[in-house]
Amino acid sequence: SRLRVNILVRIMQSDETIWGVINQKFCSFKVKTRTQTFCRNEFNVSGLCGRWSCPLANSRYATVRESKGQLYLCMKTIERAHTPAKMWEWVKLSKNYETALKQIDTNLIYWPKFLIHKCKQRMTRITQYLIRMRRLKLKSFKKIVPLSKKVEARENRREYKALAAAQVEKSIEKELLERLKKGTYGDIYNFPEAAYEKVLDEEIEEEDSEEPQFVAEEDELSDIEDLESLESFSEELSSESEVETEQLVGRTSKRRHLEIEYEKEDIRLPKKLRSVDKNI
């Protein structure tokens, strides 16, 4: 029964008829350019559209594929053509280059030399770009991240609100500490004394750290100039007062001299009073 199935499969799997349809009529994987024709099939060993490199027109085919940094040797035989899900056999290759080449030679010992050479060539090319990928990952590159204006405005508003809340909390903390210093609450509330003493120590250290401020020479000179200006001002005031007194004296001297005479009246006393007045 197996022989009959193999014979029927070989009759149905005619590589020449498949290639005639692909080459002359239509193929969804074919890409034509001015110089040559490419193939977009993932299992193509060379990437070119040709009779020996086409994975559809060859019932016996092999290629090398990469999955998540690991290399695999994929092989297709005509005995598995009737089961498309199990058509390809995946053989895991070693990460060492020399051992991977030996694995290809042992698995493809009786295969055409064209496929063996193309598989080795494809494996070397894949190992080269994997090494390049690892080197690029080790380097640091700038990552450009797009930001929308709405997100930036939202973030700015959140930062502003957070700063405002922090300032309010600081002001409340200062006010409470001042009230605790004054003793407005007394022993009503149980507050952590460690935090209160820590704040007091910080304030004392700040007061001690304040250095005495020395007056500069310019300030001394300005003080001397101020004293001199005060002395000159006092002298001007004294001179003005002297001038005013002289003017007043001159005015009084110009006035007429008046002499006041008082008339004496002869008052006659009685005899008794006269005698007393004489004795006195």
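Predicted model: local features only at pLDDT ≥ 70, side-chain atom pairs only at ≥ 80, totals over all residues.
Me: Which residues gather in a patch of positive charge on the surface?

Reply: Start with the counting rule: Lys and Arg count as positive. In this model the patch holds Lys-92, Lys-95, Arg-134 and Lys-137.

Me: Where is Lys-137 placed, and is Lys-137 buried or exposed?

Reply: Helix H4, residues 113-138, contains Lys-137. Exposed means over 50% relative accessible area. Lys-137 has 70% relative accessibility, so Lys-137 counts as exposed.

Me: Which residues form the nonpolar patch on the surface?

Reply: Nonpolar side chains are joined within 5 Å. Here the members are Val-145, Leu-147 and Val-151. Together they have about 260 Å² of accessible area.

Me: Where does Leu-147 sit, and why does it count as exposed?

Reply: Leu-147 lies in the loop between H4 and helix H5 (149-182). Its relative accessibility is 58%, so Leu-147 counts as exposed.

Me: How many disulfides does a search of the whole structure find?

Reply: A disulfide is a covalent bond between the sulfur atoms of two cysteines. The cut-off for the sulfur pair is within 2.5 Å. Searching the whole structure gives zero disulfides.

Me: What is the closest cysteine sulfur to that of Cys-74, and is Cys-74 buried or exposed?

Reply: That sulfur is in Cys-119, 9.1 Å away, so too far for a bond. Cys-74 has 0% relative accessibility and therefore counts as buried.

Technical notes:
Residues numbered from 1 in each chain as written. Heavy atoms only, no water. Patch = residues over 30% accessible without salt bridge, like charges linked within 9 Å, V, L, I, M, F, W, Y side chains within 5 Å. Areas by Shrake-Rupley, 256 points an atom, 1.4 Å probe, with all protein chains shown as cover. Salt bridge = Lys/Arg side-chain N within 4 Å of Asp/Glu carboxyl O. Charge placed at Lys NZ, Arg CZ, Asp CG, Glu CD. Helix = DSSP H or I, 4+ residues; strand = E, 2+ residues; numbered from the N terminus. Buried < 20%, exposed > 50% of the residue type's maximum accessible area, 1.4 Å probe, protein only.
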